[in-house]
Protein chains: 2
Amino acid sequence: MRVIVPYAVESPKTRLGSILTPAERDSFARVMLEDVLESLRAAGLDPDVLATAPIDIDAPVTVDERSLTPAVNAILDDGDRLGVVMADLPLATPAALDRLFQASGEVVLAPGRAGGTNAFVARHPSFRVDYHGTSFLDHLSIAHEIGAAVSVVDSHRLSTDIDEPSDLVELLIHGEGASATWLREAGFQLDRSGDRVTVVRENGE
Amino acid sequence: MRVIVPYAVESPKTRLGSILTPAERDSFARVMLEDVLESLRAAGLDPDVLATAPIDIDAPVTVDERSLTPAVNAILDDGDRLGVVMADLPLATPAALDRLFQASGEVVLAPGRAGGTNAFVARHPSFRVDYHGTSFLDHLSIAHEIGAAVSVVDSHRLSTDIDEPSDLVELLIHGEGASATWLREAGFQLDRSGDRVTVVRENGE
């Protein structure tokens, strides 16, 4: 099965702009992408990157400068079975990805927090994506409309896309890969002093 | 195996105070508790409620007015194998709970967002809880200290405790029980108009 990891090269992770510089966001997004690729390979898959511009990375790269929906749908038009895993899922262990790819169903969805679709596997010729809005609900509807058997993977790791500062808490608690190390080396640590756990940055330590 | 659902009777769900009245919070907390009890029963378990005061509910009730940590540890002192599932997990389906209770390990932990422990199963005589702070990390440490074999259940449904308004988004998207119905009947619905999905309340519709 073809497996792709979409990656937007320009200005990644803008919602982390309050705590990371643009150069840091580039670097962090890249490390997360590499974690995802490594976990996919450890799960026995052979991913390639669907990038909006050429990038130098140790994986096959397909460049498509369009936005996510038309770029992924162009690959679905090829009619192959396809797996798509987002690049900002550094908590995605091989075991979690294995559950996604081993799940039965013609359309297997891994929802993200707040209604996103963090990963899916399609084994139906008519399935197409629409990443706008609450894409998880839209993808459920699309799957039902085409009569595809659907399953949903219940995974905290796959539901946790790293978009906002509060998501970094999850990465520091559960992360086992290079992205968690990158964060710690950048000075981030858990702040357990308040009512809710947050992250703080201690520079120059 | 004994299975308990802790329930704080006084002033539940204070973080929902910006969108629900105190009476509504009582009612909503109670519906969530009932959803959890029903899912546990559907998973073949026989839960009782560990409440801070007497309540009238269709389940056995043990009253312990102490806070969560000493109350749960008093039950662990009895030495039995024990499962503990929080009352604010209305997304906990029988299938998700089955994964928790079927997982191997002397201590099985289901982490919540931001480092909580939303559910656990203990099959080791020395395991004790400490719910203060990032209890998931503390429970991992405790389990390691006593030499217990640990496993962690990777579940979005079990990780989603309903504490804050943003959590209601998850309930409206994924909820299948009475809590989701309660929310909808109270006028809450998804607002998909903005950049991020939120909930809005339309009263009197």
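Q: How do strand β4 and strand β6 of chain B pair, parallel or antiparallel, and over how many bridges?
A: Antiparallel: β4 (residues 82–85) and β6 (residues 117–122) of chain B are joined over 4 bridges. Two strands pair if DSSP finds at least two bridges between them. Strands are DSSP runs of E with at least two residues, helices are runs of H or I with at least four, and both are numbered from the N terminus.

Q: Before I go on, what am I looking at?
A: This is a predicted model, where local features need pLDDT of at least 70 and side-chain atom pairs count only at pLDDT 80 or more, while totals for chains, interfaces and linings use all residues. Residues are numbered from 1 along each chain as its sequence is written, chains are lettered from A and ligands numbered from 1 in the order in which they are written, and side-chain values use heavy atoms, leaving out hydrogens and water.

Q: Back to that pair, then. Which residue stands opposite Gly83(B)?
A: That's Val121(B), in β6(B).

Q: What's the strand order of the sheet in chain B?
A: The order is β3-β2-β1-β4-β6-β5-β7, an open sheet of 7 strands with mixed pairing. β3 (61–63) and β7 (150–152) of chain B each have a single partner strand, so one side of each has no neighbour in the sheet. From one strand to the next, the twist averages 25°. Angles here run from 0 to 180 degrees between N-to-C directions, and axes are lines fitted to C-alpha atoms, for helices over the stretch in contact.

Q: And which strands does helix α2 of chain B lie across?
A: Helix α2 (residues 68–77) of chain B lies across β1 (2–7), β2 (48–51), β4 and β6 of chain B, at about 165° to β1(B). Contact means heavy atoms within 4.5 Å.

Q: Switching to chain A: what's the strand order there?
A: Chain A has an open, mixed sheet of 7 strands in the order β3-β2-β1-β4-β6-β5-β7. Its edge strands are β3 (61–63) and β7 (150–152), each pairing on one side only.

Q: How many bridges join β2 to β3 in chain A?
A: There are 3, and the two strands run parallel. Val49(A) stands opposite Val61(A) in β3(A).

Q: What about β8 and β9 of chain A, parallel or antiparallel?
A: They're antiparallel: β8 (residues 188–191) and β9 (residues 198–201) of chain A pair over 4 bridges. A hairpin joins β8(A) to β9(A) through 6 residues, and Leu190(A) stands opposite Val199(A).

Q: At what angle do helices α1 and α3 of chain A pack?
A: About 65°, with the axes of α1 (residues 22–42) and α3 (residues 94–102) of chain A 8 Å apart.

Q: Which residues make the contact?
A: Ser39(A), Leu40(A) and Ala42(A) come from α1(A), and Pro94(A), Leu97(A) and Phe101(A) from α3(A). By class that's 5 nonpolar, 1 polar and no charged. Ala, Val, Leu, Ile, Met, Phe, Trp, Tyr, Cys and Pro count as nonpolar, Asp, Glu, Lys and Arg as charged, and the others, Gly among them, as polar.
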